[in-house]
Amino acid sequence: MDGKVALISGGARGQGAAEARLFASLGAKVVIGDLLCEEGEEVARSIGPQAAFCRLDVTSEQDWQAAVALTLEKFGKLNVLVNNAGISGGKFLEDETEEGFMKMIQINQLGVFLGMKSVVAAMRAAGGGSIVNISSTAGFRGVTKCIAYSASKWAVRGMTKTAAIELGRDGIRVNSVHPGVINTAMVKWDEIPDKQRDMVAGMLPLARIGEVSEVAQMVTFLASDASSYSTGGEFIIDGGSTAGTPFFQPKRKAKA
């Protein structure tokens, strides 16, 4: 990541903050965009002069333009965009409201579209770049009580492929990352009863949920030149959940 400049939406905490810290530790400069101003500014301060914070409402094209302008003013170029900001939750199909559905689409889908659109000129001027869109395993399958969330994450998957086709000749790569259950503030894993946590983890081949540091490493690979021939791809980090459910576990041989 040496010499690269990255803009990360939703970078004030969770996966976004972990990505910002890892990028900086590997030599990149980072701009953290978020509506959580105090938390975002603290993350930038903790990283040091390699980082800056900007208030970013991902549903506002003006905010995106301002974030790109700040990145160029502060660090001179833009090589990487991580569309990390998003919300989760939802209701059953019959209970979901138009307002609730559209809020999810505005943040999770429109926000990704605006982010990609806003960085194209700067990345083209830099000679290329990498866009990493955070989707979900919900972008591969249906999820009960998540009609709007699933719709938004399927959309991110599709937009990623279209953008990869359109921007490839400019040297701009676009890939999507699909986390499963990750230990973030949004998931609130520590607040879930032990029995429910054991049930969730027990449904995964790796028998545990993921950590933000693991997602950050995947995103860093895609942001870096190590993935230089990867575009339009889907990168799953889910403990094996999309591989299937381990209803019957093989017997373990006793150790000698």
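**Stop one: strand β1**

Five bridges tie β1 to strand β2 (residues 29-34), and the two run parallel; strands count as paired when DSSP finds at least two bridges between them. Helices (H or I, at least four residues) and strands (E, at least two) are DSSP runs, numbered from the N terminus. Before you go on: this is a predicted model, where local features need pLDDT of at least 70 and side-chain atom pairs count only at pLDDT 80 or more, while totals for chains, interfaces and linings use all residues. Residues are numbered from 1 along each chain as its sequence is written, and side-chain values use heavy atoms, with hydrogens and water left out.

Now select I8. β1 and β4 run parallel, joined by three bridges.

Next, colour β1 (residues 5-9) by burial: five of the five residues are buried, so the strand is largely enclosed by the rest of the structure. Buried means under 20% relative accessible area, exposed over 50%, partly exposed in between (1.4 Å probe, protein chains only). V5, L7 and S9 cover one side, A6 and I8 the other.

**Stop two: helix α7**

Select residues 212-223, helix α7. Its buried residues include V215, M218 and L222. The buried residues of α7 pack against α1 (14-25), β4 (80-83), β5 (129-134), β6 (172-179) and β7 (234-237).

**Stop three: the cysteines**

Pick C37, which is partly exposed at 27% relative accessible area. C146, by contrast, is buried at 14%.

Notes: Expected span 1.5 Å × (residues − 1). Contact = heavy atoms within 4.5 Å.
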